[in-house]
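Work through the exercises below with the sequence and the model open. Each task is followed by a solution in steps.

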Amino acid sequence: MTAIATPNQLQSAIAPVAIGEHLIGPGQPVYIIGEIGINHNGDVEIAKRLMDVAKEAGAQAVKFQKRNPDVAVPEDQKSKMRETPWGTMTYLEYKFRVEFEEAEYAEIDRYAKQLGLQWFASPWDVDSVVFMERFEAVAYKIASASITDFDILRAVRATGKPVIMSTGMSTIEQIDAAVAELGRENLILMHATSTYPLPAEEANLLAIPMLAERYRVPVGYSGHEIGTEISAAAVALGAATVERHITLDNTMWGSDQKASMEPEEFIRLARELRTVQIALGDGRKRVMPGEESKIASLRVKK
């Protein structure tokens, strides 16, 4: 059995990726992303309140999802009726109802600059890549669902921006093909399991150092579990970035709300991730400063 390299062993082999002023990779502060996604329910004021939560937690970035529903919604789903907080409507009408357009993203861009937060989005179609370029996106996130959509991968690569790619629902062969399409320069992979909510037995966190060793790029963790323990363990295994869904209230309308973190929990998670990263140290065994005084008092002299 081949041994998996430790985070410290991989530091010299993996170059950090710059997203604006932040470096993501081994030896750098863990890059924390508050995944707002569509938990804003089409309300820019909710989105701004969630951005406030991310700022209070000390996260570096927030992430949204961008779709052109005419393209992204399958034809057989468009006319299906759906009960929503805004009344009964087709699924296509619902997707447009919760989708932000230029005015909303202009306000998000303004507010992110005011807070000192980075923001970007997962484009679910090529039109959305073109849309995001209007805002000079600092990076792109490839959702697990899009890892086999080479049209999106090519459109994102053509922007020349850093790419964060989730690997949920994917075989190693599919990840190989996507990495070959995107190239490894300015690429960050995210270990993920696309089960909502994620049970511990499906987390498979040892894939984090495996992916780092295989691809020699920074690897992070996109979590869908309940609680903070698994994400903290991901950092202990070398995750350079952690992304978690955030919400104002788990009981709000929306498919992602129940597997999202409410404000106090996300703030606590960010604190725990920083503590874990500090606690990892440098891997060199030595006497620590706090131990010096204990040597004389506790060690038996012969």
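**Exercise 1.** How far apart do the end C-alpha atoms of residues 50-285 lie, and what percentage of the span is helix and what percentage strand?

Solution. The model is predicted: local features need pLDDT of at least 70, side-chain atom pairs count only at pLDDT 80 or more, and totals for chains, interfaces and linings use all residues. Residues are numbered from 1 along each chain as its sequence is written, and side-chain values use heavy atoms, with hydrogens and water left out.
- Step 1: The end C-alpha atoms of the span 50-285 are 42 Å apart.
- Step 2: UniProt, in an unreviewed entry, gives residues 50-285 the feature "domain: PseI/NeuA/B-like". Such annotations may be inferred rather than shown by experiment.

**Exercise 2.** Describe the overall build of the protein.

Solution. 
- Step 1: The protein contains 13 helices and 12 strands.
- Step 2: Its radius of gyration is 21 Å, close to the 19 Å from the globule rule for 302 residues, so the protein is as compact as a globular protein of that length. The radius is taken over C-alpha atoms, and the rule is 2.2 Å times the number of residues to the power 0.38.
- Step 3: Along the principal axes, the C-alpha atoms fill a box of roughly 85 × 40 × 35 Å.
- Step 4: Of the 302 residues, 49% count as buried (buried is under 20% relative accessible area, exposed over 50%, partly exposed in between, with a 1.4 Å probe and protein chains only).
- Step 5: Among contacts (heavy atoms within 4.5 Å) between residues at least 6 apart in sequence, 66% join residues at least 24 apart.

**Exercise 3.** Is Ile 19 buried or exposed, and which residues does it contact beyond its neighbours within four places in sequence?

Solution. 
- Step 1: Ile 19 belongs to strand E1 (residues 17-19).
- Step 2: With a relative accessible area of 0%, Ile 19 is buried.
- Step 3: Beyond those neighbours, the contacts of Ile 19 include Ile 24, Tyr 31, Val 138, Pro 162 and Ile 188.
- Step 4: Val 219 is 200 residues from Ile 19 in sequence and 14 Å from it in space, C-alpha to C-alpha.

**Exercise 4.** Which residues does a cis peptide bond join, and where do Asn 41 and Met 169 lie?

Solution. 
- Step 1: The cis bond is between Tyr 196 and Pro 197, with omega about -15°. Pro 197 is in the loop between strand E10 (187-192) and helix H10 (207-215).
- Step 2: Asn 41, not a glycine, has a positive phi of about 55°. Asn 41 lies between strand E3 (31-37) and helix H2 (44-57), in the loop, and is buried at 9%.
- Step 3: Met 169 has a positive phi near 65°. The loop holding Met 169 runs between strand E9 (163-166) and helix H9 (172-182), and Met 169 is exposed at 60%.

Technical notes. Helix = DSSP H or I, 4+ residues; strand = E, 2+ residues; numbered from the N terminus.
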